[in-house]
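Subject: Structure handover

Hi,

Here is the structure I promised to pass on. Have a look at it first, and then read my notes below.

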Amino acid sequence: MSKRAKTYHFNEKWEIDYFFTMVSEKCCCLICNTSVAMPKKGNLERHFNTMHGKYENDYPLNSTERKQKLYELKCGLIAQRNIFLKPQNQSRSATIASFIVSHKIAVKYKPFSDGEFIKSVLEEIADPLFENFKNKVEIKKAILDLQLSRNTVMRRIEKSSQNVTEQLQIDIDRCVTFSLQIDESTDVSDTAQLIVFIRMIMNDFTSKEELLCLISLKGRTRGLDIFNSFKERVTLMKLPLFKLVSITSDGAAAMTGRNNGFIALCKQDDDFPDFLSYHCIIHQQVLASKRLNTKDVMDTTFKIVNSIRGKPLQRRLFKMQNENKEVDLILHTDVRWLNRSRFLQRFRDLLDDIVQFLEDRGDSFPQMRDVNWLCDLAFLADFTGNLSDLNLKLQGKNIIIIDLISCISAFKANALILIRDLEKKNLQRFSNLEDHTRKYPNVVFDSKKYVIEIKAVIDDFDVRFNDFKKLEDVIPFISFPFKEDLNTPMTAKKAAQLFQIDEVSLEDEMINMRCNVYLKARSSENNFWHLVSKEEFPNLRQCAESVYSCFGSTYLCESAFSYLLQTKSEARSRLTDMHSEDSLRLALSSYTPEFEFHENENDIEDINVIDSPGSAERQEILPTNATKVTPKSNKQKLSTFQENLLNAIEKNRTQTRQEEFDENKHFLLSLLPSMRKMDTEKNFQFRIEVMECMTPASLPQTTYLASSIIPPSEKPYYQVPSELYPLPYQYQNVIPPPQLDISSRNLQSNYLNISSSSTTQNDPNTNYNHE
């Protein structure tokens, strides 16, 4: 049986006895910074008597001088720790600011190179803006420390997008159910881009809509190609497909093909559950609107407007004729769904001006004098306006499928009222028709053909929205479960078929909930289903969660393509697919990147190496025998001694007192603020004068240490043999470089030796061999 190892504990009394303290679970000497492996009293006593025996005589035990010396050594430990922390804190702040600026650049669809422009503007406005500020120099230095080069902004956007993706992945794992909407289009470089959005329903019945992914299709865009690319991406993202409820697409053949469409291939795949599929309700509304017979009116108006608006000279002449009106004709395109109603309305508003302009230039359009044609124009301007209003109601974020179906039902009911008014020749809901009949009172108004047109549109609505009809029996119950005339067995049967729920259990839960007095009293609350217990009504909760997760349209995908055209514009056509997705994700996401998380990765050192000022000059003065260090990771570890310093201060911070001591090191530290305000040349001259006043030390060779000459902002990120940095090229032959003895027991203490021969110091022809 092995002997159990003995554990030793540090006694605080040993601090005053042997000048030792615990730093990061190691026993460290406050005098020489040497650590002892085992915190035993005998080890500490032997080290103190052997290495620092004079302290026993100079500072007697239990004397005031000994306590004062112990406190000074601890203060020195604190001062050394601050030397390490202050630059680190400044770099961290500059890095976080750089992340914020880069995030704003992505959100506003700006090029990555705009970061350099922002920094240059800040540098120029710093002088007048902070002229009366006491810390003006520090502010300007902080601006100079900002890392906003093109490559840096690119990396910042990549890491911010990665953080947002991680937040999205957490919510996907937490959500109860989710649905997808998917659409495909091409960008400015003719690359097919597949955009996928996800809506998640959480346990508290809150929902989130986020960009799931942007998939580039390099070759064909058949249903099989879309399916393979989508399946590969969701497998890589580890998307829990068993939570999928529905997929909404744009209705293209590659999406909805019966055998080889994307939806059909998903339903054939074993990894996908039984899910619902919908054709975008906005697309169907637009297709149903085209059932109107508008050819005669649209052809004539389109030709007239193009002859005026499409030619610069004619446009200027038309505006001169109507200089008192700040309006212009609108060009029409079928791609813009809302354009037709505004096009017709503007044409009719300027009808008299257009007729006068055409007569002045000698063009003849007999339709402009035809009363029946003008009546058709007035009717189409009115009815297409109603269709455009419906289209606007169907657009937007966070609109559930219940609201979309309600809008369609309301429009159909309103259309029946329009038919009734037309049959009665009541034109209060037709402002343009009413104005037309007022202008031509002697003309008999025939409303039959307009009634036929509206009925044709309603019939087309009934045909096209068949895929939403399967929810019509379930939605009334989800919207208001306590409806008096609700057919409970039929509703339970429909819901069980849609969402694969046991019909008997679902019907029992529906009956029990309708008899629950507490839930019935709170049925009018907005978040009613959050009050329904998941333990008591699990099937009802599942049914409600599935309905609330469904997308009814591909509005988010369509709007994302508009954002993509701004991000990957013609001027930025070479933007990679990965960076396009990162920029688009940050622009559309409701998540805020957690900039603080980069501190754990110590990304600061990586950026300072590449983008800090003077990097090119440092490469010029790199010695031939210097070895460039390539970081293996973003994190650069501190030395053991530095870690000990950081941990010791946290332990002894409460013991710090705000007192000043007449010690050389405290005097030298007090000079640092003034030295930092000097430029490089004055700083160097000041150091020369200080060293000339020092008593020459008797050391055999003289060599400078770069850390005692080069300011912190000018230190190169290179590892030079013997821990030496080269001198800046402008100071190489000024004076003989004195030697620094680097010792682990005297870290960062400069022992300088200056030759007493002044002729040697001032001779510019003297050659020196630098290590």
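One place where you'll need that is D190, which is found in the loop between β4 (177-186) and β5. Please also keep in mind that this is a predicted model.

**The whole protein**

The protein has 35 helices and eight strands. Of its 771 residues, 46% are buried. If you take the contacts with a separation of 6 or more, 71% of them are between residues 24 or more positions apart. The exposed surface comes to about 42,500 Å², and carbon and sulfur atoms supply 49% of that.

**The sheet**

Five strands come together in an open sheet, and their order is β6-β5-β4-β7-β8, with mixed pairing. At the edges sit β6 (207-217) and β8 (276-279), each of which pairs on one side only. From one strand to the next, the twist averages 20°. As background, strands of a sheet pair through backbone hydrogen bonds, either parallel or antiparallel.

Have a look at β5 (residues 192-201) and β6: the two are antiparallel, and ten bridges join them. Within that pairing, K208 in β6 stands opposite M200. A helix also packs on the sheet here: α28 (residues 577-588) touches both β5 and β6, and its direction makes about 165° with that of β6.

**Salt bridges**

A search of the whole structure turns up 34 salt bridges. In general, side chains of opposite charge can pair when their charged atoms come close.

Are the two partners buried or exposed? K208 is partly exposed, at 29% relative accessible area, whereas D171 is buried at 5%.

R222 and D225 make another salt bridge, 2.9 Å from N to O. R222 counts as partly exposed, with 46% relative accessibility, while D225 counts as buried at 18%. In case you wonder about that 18%, D225 counts as buried because the cut-off for buried is under 20% relative accessible area.

Then there is helix α18 (residues 431-439), which holds both D435 and K439; they are four residues apart, about one turn of the helix. Their side chains meet in a salt bridge of 3.8 Å, N to O. Both count as partly exposed, D435 at 24% relative accessibility and K439 at 47%. Which residues are linked with them in a network of salt bridges? The network consists of R348, E434, D435, R438 and K439.

**N539 and its neighbours**

N539 lies in helix α26 (residues 538-549) and is buried, with a relative accessible area of 15%. What does N539 touch, leaving out residues up to four places away in sequence? The list is I501, S505, L506 and E509. With E509 there is also a polar contact between the side chains, at 3.1 Å.

**Two backbone angles to look at**

Most residues other than glycine have a negative phi. Two residues here have a positive one and are not glycines. One is D190, with a phi of about 65°. As mentioned above, D190 is in the loop between β4 and β5, and at 67% relative accessibility D190 counts as exposed.

The other is Q500, where phi is about 50°. Q500 is also in a loop, this time between α22 (488-499) and α23 (503-514). Q500 is partly exposed, with a relative accessible area of 48%.

**Where to begin**

Cheers

Definitions and conventions:
Residues are numbered from 1 along each chain as its sequence is written. This is a predicted model: local features need pLDDT of at least 70, side-chain atom pairs count only at pLDDT 80 or more; totals for chains, interfaces and linings use all residues. Side-chain values use heavy atoms; hydrogens and water are left out. Two strands pair if DSSP finds at least two bridges between them. Axes are lines fitted to C-alpha atoms, for helices over the stretch in contact, and angles run from 0 to 180 degrees between N-to-C directions. Contact means heavy atoms within 4.5 Å. Buried means under 20% relative accessible area, exposed over 50%, partly exposed in between (1.4 Å probe, protein chains only). Accessible areas come from the Shrake-Rupley method with a 1.4 Å probe; for residues, only the protein chains shown count as cover. A salt bridge is a side-chain nitrogen of Lys or Arg within 4 Å of a carboxyl oxygen of Asp or Glu. A polar contact is a pair of N or O atoms within 3.5 Å; within protein, one must be able to donate a hydrogen and the other to accept it, and residues adjacent in sequence count only if both atoms are side-chain atoms.
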